[in-house]
Amino acid sequence: MNLLKKLKHPLSTILFFTVSTGILLYVLVSLNTKLPIYNATDFNAKLVDVSMHGSLEKHTIANFNLVNQNNEKITQENYRNKIYIADFFFTRCPTICPIMANNMKKLQDEFLNEEDIMLLSISVTPEMDSVPVLKEYSKRHGAIAAKWNITTGDKKHIYNLARKSYFAVVDQGDGGFQDFIHTPNFTLIDKKRRIRGVYDGTDNKQLARLIADIKTLQNESP
């Protein structure tokens, strides 16, 4: 019995159009799904630098000046009109950082051919993580510099980024000699330098959610 004959029966007709409408609505909702845009007030106050408490301004990631594993200068210009995932790590970390690096590699592989998706890892022990050290680390984890910049830089600058731009750490500090931060966070940044999601970079379920959210972000209307 073909489809036209089936639709001669009222119940079949109703069922057909109900299912069709449901599928259409699902597609329309999916296409219009948008991720939230996070500002300072959306985070636990402990994650926000005290200087920014109560700020209602629209938050964007500050300009940065870093150096990658190939001794190349890395700034916001390298991430202009890019969606990217940022994390903070150190090469001698024996606990969460190897897991995070493996998961960043999975993200690199997942979006290898997507030119608008990039990765950014920032060392929290720049005094130890020199360019040669980062070069070896990047080789060990299969990082492609055009896709995944593994960076070092001035410690105070990096710690300001972690606390005032990415809201990545709970503890307060000044980026001095004794200051130290450690976080499993992967932070999703959109093409307008806004935070669109924060994920536990050591959790496979969170990684799957991040991948889905990146794809959602790609489909957002300009």
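The expected span of a helix is 1.5 Å times one less than its number of residues; helices (H or I, at least four residues) and strands (E, at least two) are DSSP runs, numbered from the N terminus. This is a predicted model, where local features need pLDDT of at least 70 and side-chain atom pairs count only at pLDDT 80 or more, while totals for chains, interfaces and linings use all residues. Residues are numbered from 1 along each chain as its sequence is written, and side-chain values use heavy atoms, with hydrogens and water left out.

**View 1. Helix α6, end to end.** Helix α6 takes in residues 204-218. Its 15 residues should span 21 Å at 1.5 Å a residue, and the end C-alpha atoms sit 21 Å apart, so the two agree.

**View 2. The buried side of α6.** Here Leu207, Leu210, Ile211, Asp213, Ile214 and Leu217 are buried (under 20% relative accessible area with a 1.4 Å probe, protein chains only; exposed is over 50%, partly exposed in between). They cover an arc of only 165° around the axis, so they fall on the same side of α6; the arc is that of the directions from the helix axis to the C-beta atoms. An α-helix has 3.6 residues a turn, so residues three or four places apart point the same way. Among the elements covering these buried residues are β3, α3 (96-110), β4 (117-123), β6 and β7.

**View 3. Leu107 and the largest nonpolar core.** This core (buried Ala, Val, Leu, Ile, Met, Phe, Trp, Tyr and Cys residues joined through side-chain atoms within 4.5 Å) has 51 residues, and Phe64, Tyr84, Ile85, Leu107 and Tyr166 have the most contacts inside it. Strand β3 (residues 83-89) gives the most to the core, with six residues. Leaving aside residues up to four places away in sequence, Leu107 touches Ile85, Leu119, Phe186, Leu207, Leu210, Ile211 and Ile214 (contact means heavy atoms within 4.5 Å).

**View 4. Two loops with positive phi.** Most residues other than glycine have a negative phi. Asn81, in the loop between β2 (73-75) and β3, has a positive phi of about 60°. Arg193, in the loop between β6 (185-189) and β7 (195-200), also has a positive phi, near 70°. The C-alpha atoms of Asn81 and Arg193 are separated by 8.7 Å, though the residues are 112 apart along the chain. Asn81 touches Asp116 and Lys191, not counting residues up to four places away in sequence. Arg193 has a relative accessible area of 28%, so it counts as partly exposed.
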